[in-house]
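Keep it short and grouped by topic.

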Amino acid sequence: MVIILKANISQTEVDKLVAKIRSLGVEAKITEGTDQTIIGLVGDTTRVDSKKLQASGLVERIMIVQEPFKRANRRFKSEDTIITVADKQIGGKKLTLIAGPCSVETEEQIVGIAKDVKKLGATAIRGGAFKPRTSPYSFQGLELEGLRLLKLAKQETGLPIVTEIMSTSMIDTFVKEDVDIIQVGARNMQNFDLLKQLGKINKPILLKRGLAATIEEWIMSAEYIMSGGNDNVILCERGIRTVENYTRNTLDISAVPVVKKLSHLPIILDPSHAAGLNWMVDPLSKAAVAVGADGLIIEVHNDPANALCDGQQSITPKEFGELREKLKVIASVVGREV
């Protein structure tokens with residue numbers, strides 16, 4: 001249930017109304033908009049008498065939310081959520097460009113790439129320290145040493161870091177090591193224990209869509225994090241599994257406008273994992289910006305042919321810089337900036 005209050009209601013009146021609602025055992029979340037105050041109710045809303053609320057003289061209108069997700073719902077918060085990371089914003093007018101290798105390999109590699117992509121306009125550096133791989137015999141990442149090298153790249157460039165978490169046991173370490181954005185990979189999208197624990201920390205979470213997840217299931221996973229109190233969730237469309245086998249996955253471009261309609265959360269796209277082919281990163285990135293995505297996370301490697309992980313889908317720093325120039329043109333058409 002969503003309660004939209006009338007304009008010019010005093011804070012005292014709002015507080016009294018919220019206290020009354022909470023006394024019924026229903027959680028009330030207040031969202032202050034530019035023109036209106038909205039109260040989102042979560043829980044057994046059958047306890048709330050909508051007629052009495054309307055009769056109070058404070059309520060403009062009441063909407064019943066049909067979707068199972070509440071906090072992430074556009075009806076709960078009409079304005080887009082903007083998440084601040086360091087001095088950067090995700091979800092605003094300026095597009096977010098996260099760039100870096102699939103895996104952290106060496107100090108020279110990650111620091112060098114971080115310096116390159118910063119010069120070329122990246123807003124954050126990505127790199128896997130812990131790598132979930134289909135085969136147990138594949139390179140699994142440098143783990144804690146990878147985190148140390150990511151921090152070094154951050155110190156050298158000032159770029160916020162994005163890296164993937166694998167289990168609840170590593171949450172304290174990620175917080176202690178000051179990972180700026182904690183990524184939940186596609187395989188962990190429905191690791192509900194992990195999502196619940198991430199809801200208890202005050203860190204932005206980049207939530208990738210599962211291999212075969214519906215958009216509703218994906219947003220419901222975001223709801224798990226938000227229900228714990230952490231509203232800093234960034235959705236990431238990274239391609240879903242379909243009958244097509246030419247590309248690694250199928251990038252669901254239509255997910256962007258759907259998410260924008262259903263939710264206030266920012267959404268970025270991962271063209272690298274979607275196609276699994278470096279030559280497709282350019283056209284898919286341009287399509288993502290054109291359709292309204294808030295940013296991109298792109299695999300960039302200084303030597304893709306010899307990368308320890310996913311070199312076939314990585315572009316070089318030079319190609320990243322060229323792509324950014326193209327994205328500037330498209331962004332200007334849709335009212336965004338790069």
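This is a predicted model: local features need pLDDT of at least 70, side-chain atom pairs count only at pLDDT 80 or more; totals for chains, interfaces and linings use all residues.

Residues are numbered from 1 along each chain as its sequence is written, and side-chain values use heavy atoms, with hydrogens and water left out. Helices (H or I, at least four residues) and strands (E, at least two) are DSSP runs, numbered from the N terminus. A search of the whole structure finds two aromatic pairs and zero disulfides.

- His264 sits in the loop between helix 8 (255-262) and strand 13 (267-269).
- At 3% relative accessibility, His264 is buried (buried is under 20% relative accessible area, exposed over 50%, partly exposed in between, with a 1.4 Å probe and protein chains only).
- The side chain of His264 makes a polar contact with the side chain of Thr81 at 2.7 Å (a pair of N or O atoms within 3.5 Å; within protein, one must be able to donate a hydrogen and the other to accept it, and residues adjacent in sequence count only if both atoms are side-chain atoms).
- The His264 side chain also reaches the backbone oxygen of Arg71, at 2.7 Å.
- Leaving aside neighbours within four places in sequence, His264 is in contact with residues including Asn73, Lys77, Glu79, Asp80 and Met226 (contact means heavy atoms within 4.5 Å).
- Asn73 belongs to the loop between strand 4 (59-63) and strand 5 (83-85).
- Asn73 is buried, with a relative accessible area of 2%.
- A polar atom of the Asn73 side chain lies 3.3 Å from the backbone oxygen of Phe69.
- Not counting residues up to four places away in sequence, Asn73 touches Val65, Glu67, Leu262, Ser263 and His264.

- Asp180 is found in the loop between helix 5 (171-176) and strand 10 (181-184).
- Asp180 counts as buried because its relative accessibility is 11%.
- The side chain of Asp180 reaches the backbone nitrogen of Ile161 at 2.9 Å.
- Beyond residues up to four places away in sequence, Asp180 touches Val85, Lys154, Pro160, Ile161, Lys203 and Pro204.
- Asp178 lies in the loop between helix 5 and strand 10.
- Asp178 is not a glycine, yet has a positive phi near 60 degrees.
- Asp178 is partly exposed, at 38% relative accessible area.

**Asn8**

- Asn8 has a positive phi of about 65 degrees although it is not a glycine.
- Asn8 is placed in the loop between strand 1 (2-5) and helix 1 (11-22).
- With a relative accessible area of 81%, Asn8 is exposed.

**Aromatic pairs**

- Rings of Phe, Tyr and Trp (its six-membered ring) pair if their centres lie within 6.5 Å; planes under 30 degrees apart count as stacked, over 60 as edge-to-face and the rest as tilted.
- A search of the whole structure finds two such pairs.
- Phe130 and Phe174 form a tilted pair, 6.1 Å centre to centre with 35 degrees between the planes.
- This pair links distant parts of the chain, 44 residues apart: Phe130 in the loop between strand 8 (124-126) and helix 4 (144-157), Phe174 in helix 5.
- Phe130 is buried at 11%, and Phe174 is buried at 0%.
- Phe192 and Tyr224 are stacked because their ring centres are 4.4 Å apart and their planes are at 25 degrees.
- This second pair also links distant parts of the chain, with Phe192 in helix 6 (residues 192-198) and Tyr224 in helix 7 (residues 215-227), 32 residues apart.
- Phe192 is partly exposed at 31%, and Tyr224 is partly exposed at 29%.

**Cysteines**

- The search finds zero disulfides (a disulfide is a pair of cysteine sulfur atoms within 2.5 Å).
- The sulfur of Cys236 has its closest cysteine sulfur in Cys102, 13 Å away, so the two are too far apart for a bond.
- Cys102 is buried at 0% relative accessible area, and Cys236 is buried at 0% relative accessibility.

**Helix packing**

- Helix 3 (residues 107-119) and helix 4 pack at an angle of about 35 degrees, with axes 9 Å apart (axes are lines fitted to C-alpha atoms, for helices over the stretch in contact, and angles run from 0 to 180 degrees between N-to-C directions).
- Among the residues making the contact are Ile110, Val111 and Ala114 of helix 3 and Leu149, Leu150 and Ala153 of helix 4.
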